Amino acid sequence: MATETTKSIFWQGVRDGAPFILVIIPFSTLFGVVATEAGLNVFETLTFSVLVIAGAAQFTAVELLRNDAPTVIALVSALAVNLRMAMYSASLVPYLGQASVGQRALAAYFTVDQTYACAVLKFEQNPDWTIGQRLTYFFSVALPICPLWYIFTVVGAMIGGSIPEGLALDFAIPVTFLALIGPMLRTRAHVAAALVSVTVALLLAFLPYNLGLLVAGLAGMMAGAEVERRMGGVA
Amino acid sequence: MIDPVALWTVIILLGLGSFALRFVFIGLIGDKPLPDWILRHLRYTAVAVLPGLVAPLVVWPEATGGQLDAPRMAAAVVTLATGLWTRNVVLAICLGAGTLYGGLYLLG
């Protein structure tokens, strides 16, 4: 039987999502600034964040559009960056697959790096949670994250170019991702996946349109799965 | 200046496409169990994609025109090491950002 109440799970989700505020605010502000500098108005910038709700893909699309890349290239590259969302979607199936179509559609919309990372970890640790408790947790992680994503996109768009370059906001993205990666390296299989991914991504960085990242992701997954298989079961 | 038609095409199609990617498995497959070998690969998605995404950003930072940069490299090492040892994402970000600003102040 589940020993936790849905209410306590709700607050657990909010608590687990809250630290990402420190990341989401600079990240979305930065997007607003970058988009405005590329010539987007506040409404266009906000629509971007609401419809796409994926930082790396948004940055990719704006960067390519700014450099007069063909529309198709900007679109395909940004979607390639977001391909990991399909992988997240697949790995959430065992946990959220029994929810109604509407609930699954809503969960799909709110599937971002942070909600996915928190949810998969907690769902693994709490196999006795009901589907309702899992959905509660998932949406409560998104609660401190996603609204701020929209709000600070607008703030960034309004601040525009008045942010000094010395703030080095460019490195907010790598620092965020690196901070997320550290705790993920739990087993030799995870370390293998990460090392293969880094190696392939750097070797294939010359490939256009983020194709190197796609190959690196696939190679990393295969490396992780192979190491796990050789070590016999879930490592 | 970005052409408004191109911009709105990308915003709308990227929004629809991103939702489709997020919905494809969880929405369409539902609770049918996935084969073991697929699940075994999926366990490593995040840890396979994020390092590949971040590595070029660390080695060739855009802000320095792609030149390897000591403060950014130090920040990356501190962030990753803190995350590894403490499993604390926020602490890793804080120490990483602290290292970056400290490094930029001392060297910049």
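**Reading the model**

Tutor: Happy to, and keep in mind that this is a predicted model. Let's begin where the chains meet: the contact takes 81 residues from chain A and 65 residues from chain B. On the side of chain A that touches chain B, the classes are 58 nonpolar, 16 polar and seven charged residues.

Student: How many helices and strands are there in chain A?

Tutor: Chain A has 13 helices and zero strands.

Student: What does the radius of gyration say about chain A?

Tutor: Compare it with what a compact globule of that length would have. For 235 residues that would be near 18 Å, and chain A has 19 Å, so the two agree. Along its principal axes, the C-alpha trace of chain A spans about 55 × 40 × 35 Å.

Student: And which share of the contacts in chain A joins residues 24 or more positions apart?

Tutor: Counting contacts with a separation of 6 or more, such pairs account for 74% in chain A. As for burial, 51% of the 235 residues of chain A count as buried.

Student: Where is A:Q58, and what is it in contact with?

Tutor: A:Q58 sits in helix α4, residues 55-66 of chain A. Leaving aside neighbours within four places in sequence, A:Q58 is in contact with A:F31, A:F48, A:S49 and A:V52.

Key:
Residues are numbered from 1 along each chain as its sequence is written. Chains are lettered from A and ligands numbered from 1 in the order in which they are written. This is a predicted model: local features need pLDDT of at least 70, side-chain atom pairs count only at pLDDT 80 or more; totals for chains, interfaces and linings use all residues. Helices (H or I, at least four residues) and strands (E, at least two) are DSSP runs, numbered from the N terminus. The radius of gyration is taken over C-alpha atoms; the globule rule is 2.2 Å times the number of residues to the power 0.38. A residue is buried if 20 or more other C-beta atoms lie within 10 Å of its own, exposed if 12 or fewer, and partly exposed in between; C-beta atoms are placed from the backbone. Two residues are in contact if their C-beta atoms, placed from the backbone, lie within 7 Å. Ala, Val, Leu, Ile, Met, Phe, Trp, Tyr, Cys and Pro count as nonpolar, Asp, Glu, Lys and Arg as charged, and the others, Gly among them, as polar.
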